Amino acid sequence: MFSGIIGYIIGGAIIGVLARFIKPGADPMGWILTIVLGIVGAVIGGQLSVILGISNTILMWAIAIGAAIVLLFVYEAVRKKKA
């Protein structure tokens, strides 16, 4: 179980960083929020992969990164609404 949590943190960090590199524009958020964004993207991407019946690891990562990018857009929209 502990290795699973560490795996999600490391995978979330990678997915979050890749999503921030791929999405255009500046995203003023720290590393912790980037990791959380990546973890949530990984969970959503994993669930979408299961629903779609995708078992290819590369496609699962691509879906997780895509979900994290969508979350970045949502975060940006919510942040602008508050300001």
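Author: Happy to. Leaving out residues up to four places away in sequence, Ala-42 touches Tyr-8, Ile-15 and Ala-64, where contact means heavy atoms within 4.5 Å. This is a predicted model, in which local features need pLDDT of at least 70, side-chain atom pairs count only at pLDDT 80 or more, and totals for chains, interfaces and linings use all residues. Residues are numbered from 1 along each chain as its sequence is written, and side-chain values use heavy atoms, with hydrogens and water left out.

Reader: Thanks! How many helices and strands does the protein chain have?

Author: The protein chain has three helices and zero strands, and its pattern along the sequence is α-α-α. Helices (H or I, at least four residues) and strands (E, at least two) are DSSP runs, numbered from the N terminus.

Reader: And what is the radius of gyration of the protein chain?

Author: It is 13 Å, close to the 12 Å that the globule rule gives for 83 residues, so the chain is as compact as a globular protein of that length. The radius is taken over C-alpha atoms, and the rule is 2.2 Å times the number of residues to the power 0.38. Along its principal axes, the C-alpha trace spans about 40 × 30 × 20 Å.

Reader: Back to Ala-42. Which residues make up the largest nonpolar core?

Author: Ala-42 is one of its 10 residues, with Ile-15, Ala-19, Met-29, Leu-37, Ala-64, Ile-65, Ala-68, Ile-69 and Leu-72. Helix 1, helix 2 (31–52) and helix 3 (57–82) are the elements that give two or more residues to this core, and helix 3 gives the most, with five residues. A nonpolar core is a set of buried Ala, Val, Leu, Ile, Met, Phe, Trp, Tyr and Cys residues joined through side-chain atoms within 4.5 Å. Buried means under 20% relative accessible area, exposed over 50%, and partly exposed in between (1.4 Å probe, protein chains only).

Reader: What about Gly-41, buried or exposed?

Author: Gly-41 is buried, with a relative accessible area of 0%. Gly-41 sits in helix 2 and touches Ala-64, Ala-67, Ala-68 and Leu-71, not counting residues up to four places away in sequence. The C-alpha atoms of Gly-41 and Ala-67 are separated by 4.9 Å, although the two are 26 residues apart along the chain.

Reader: Switching topic: how many salt bridges does the structure hold?

Author: The structure holds one salt bridge, meaning a side-chain nitrogen of Lys or Arg within 4 Å of a carboxyl oxygen of Asp or Glu. The side chains of Lys-23 and Glu-76 meet there (2.9 Å, N to O). This pair links distant parts of the chain, 53 residues apart: Lys-23 is in the loop between helix 1 and helix 2, and Glu-76 is in helix 3.

Reader: Is Lys-23 buried or exposed?

Author: Lys-23 is buried, with a relative accessible area of 4%, while Glu-76 is partly exposed, at 23%.
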